[in-house]
Amino acid sequence: PYLLDAVFRQHSSTMAPLKLKLTKHQAPPRRLDGTNLTWWNSPIKILDPLEKLVREVTDWKKLSNPDDISILKNYDGMLFTCDIEIGDPPTRFSIVPDTGSSNLWVMADSCLDCEVEGCRTEDEEFLKDDCVASQSKVTRCHNFYQRSASTTSQIVTDETGSHKTFSIQYGSGETAGMVTRDKVKFGSWEIKDQTFGEAQQGATFRQLPFDGIMGLAFKSISVDKMDPVFDNIALGNTEQGMSLSKLPIHPETDREYRSQKQYSCFAFYLSKDECRAHSQLHIGNFDRGCYAKDEELHFVPLSSRTYWAFNVSSIIVAEDNMEAVEFGDRRGKGEWKNASDITELQKLHPNMLPPKSFPDNILEDVINNNNKDFATRYSDPMLLCDDCKAIADSGTSLIAGPSDDIGALNLILGTNEYGMVACDEIRPNVHVVLKNEKGEDRIFTLTPDDYILRFQGETVVECMSGFQTLDAGFWILGDVFMRKFYTVFDQGNERVGFATANESC
């Protein structure tokens, strides 16, 4: 991974917006280790099954200033980061704002395996204004938390009086270290006594372009029950001392709603084109200019205060009219050998395209002529999900789902064992149907342009599927989904809102 440099601007302690100017560097896929898995297909975190968490969680604790805006750094659409400051004097850290976890941790100066030999420091050579600046071939050096250098640091002790430890297990390893309290500045909010982890193990993340992770989910899933950063902001545990009001139920039409007021919510705008519009994290409100004028936010109630979890009516693979699905040659070299190849699809998924629906002449045309452009108008849609669970997760790059469903979908998309696909084939749309608080369904459609990710390879543009397998008991609507749909996380009203994102914000 390569650094997206930022010019950090100092702001006063007032609740004025905070904006970080970003430079985008091309970030082609990188192997995290010596395995055959690329890091975006190996989940950054292990997610506990939702049902297990719900059973464990029995106690759900339930201004006249501009929005806070943090501009996010976009690593070729694969990873987004923003900056926070910790300590006094402050140290700036690049962190992943992650709605799929709840803990804040940063790398500590005592970490022996966090740094990469030959890394580079941020200097003027790399602080370029061009949004498509040439990528660096050298990994960026990390920033480290030095407890002894901060006059406001406090050791957190366990029941024996020893410095308390923490450990978080991830898909590719773990991070572990000591628990500390210190001053944390996020946007224009300053939290005096934020509990966080000083990571003393960092081999899993040392080649990745961030210094830590800031969880934005609920305290019920926080390791060691550390208070999440946004919880402290919403409750008023800040220098400003102001708790945040609930967002009006219908903010676009409620006369009491104020775009300049702070509410207990935050929102993500993930840009498709960083040269046109920067990705942004809005803290304490949302931006009406970030989504389509003819849409209102479609708020889906949470099913639990664990992850940002909710019910999904259905996920369907079909053409625009949702009555058929397009697919052509989707096997390894792009050729259907015989009718049994289509039967294989049906074996992978019970709702997959019944072979009997294909007239003989169309089957013969596909098999013999390697026809990429035909549409199977006689087939049924493929139902991937019927009344299932999902979470909105800014810390997951792709869309993840059960292996049987994603395996069947990726076979249609023509993926190889690494998730790579041919760039020029015709593919179906994927429709996610969500029910709002009134019981009304809205269809959120992902086209191939939305879910096929393109990046510059060594010599040519390469493409990969935006769908990955993860048997967590629920779907994960990650950045691929959130880039298409502006997403509002309404903590006060326990719901998530979606609307079609604009090209610029």
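A residue counts as buried when its relative accessible area is under 20%, as exposed when it is over 50%, and as partly exposed in between. The structure described here is a predicted model, and with these limits in hand E190, whose relative accessible area is 22%, falls in the partly exposed class. The side chain of E190 meets that of K183 in a salt bridge, with 3.8 Å from N to O, and salt bridges with shared partners join D88, K183 and E190 into one network.

The structure holds 14 salt bridges. Side chains of opposite charge can pair when their charged atoms come close. Another such pair is E295 with R442, where the distance from N to O is 3.5 Å. This pair links distant parts of the chain, since E295 sits in the loop between β13 (279-283) and β14 (298-305) whereas R442 belongs to strand β22 (residues 441-446), 147 residues apart. The two partners fall on either side of the 20% limit: E295 is buried, with a relative accessible area of 18%, while R442 is partly exposed, with 24%. A further salt bridge joins E425 and R427, whose closest N and O atoms are 3.8 Å apart. Here E425 is buried at a relative accessible area of 16%, and R427 is buried as well, at 6%.

From the charged pairs we turn to the strands and the nonpolar core. Strand β18 (residues 382-392) pairs with strand β15 (residues 308-318) in the antiparallel sense, over eight bridges, and within this pairing the bridge partner of I316 is L383 in β18. Strand β18 is also joined to strand β26 (residues 475-477), in this case by three bridges and in a parallel run, with A392 standing opposite L477 of β26. The largest nonpolar core has 79 residues, of which F186, F310, V312, W475, F481 and F498 touch the most other members. Strand β18 gives the most to this core, contributing seven residues.

Which cysteines in the model are joined to one another? The count of disulfides comes to four, and among them is the pair C385 and C388, with sulfur atoms 1.7 Å apart. The torsion about the S-S bond of C385 and C388 is about -90°, so this disulfide is left-handed. Both of its cysteines are buried, C385 with a relative accessible area of 3% and C388 with 15%.

The disulfide between C111 and C114 has its sulfur atoms 1.9 Å apart, and because the torsion about its S-S bond is about 85°, this disulfide is right-handed. C111 is buried at a relative accessible area of 10%, and C114 is buried at 0%.

C423 and C463 form another disulfide, their sulfur atoms being 2.1 Å apart, and the torsion of about 115° about the S-S bond makes this disulfide right-handed.

Conventions: Residues numbered from 1 in each chain as written. Predicted model: local features only at pLDDT ≥ 70, side-chain atom pairs only at ≥ 80, totals over all residues. Heavy atoms only, no water. Pairing = 2+ DSSP bridges. Helix = DSSP H or I, 4+ residues; strand = E, 2+ residues; numbered from the N terminus. Core = buried A, V, L, I, M, F, W, Y, C linked by side-chain atoms within 4.5 Å. Buried < 20%, exposed > 50% of the residue type's maximum accessible area, 1.4 Å probe, protein only. Salt bridge = Lys/Arg side-chain N within 4 Å of Asp/Glu carboxyl O. Disulfide = S-S within 2.5 Å.
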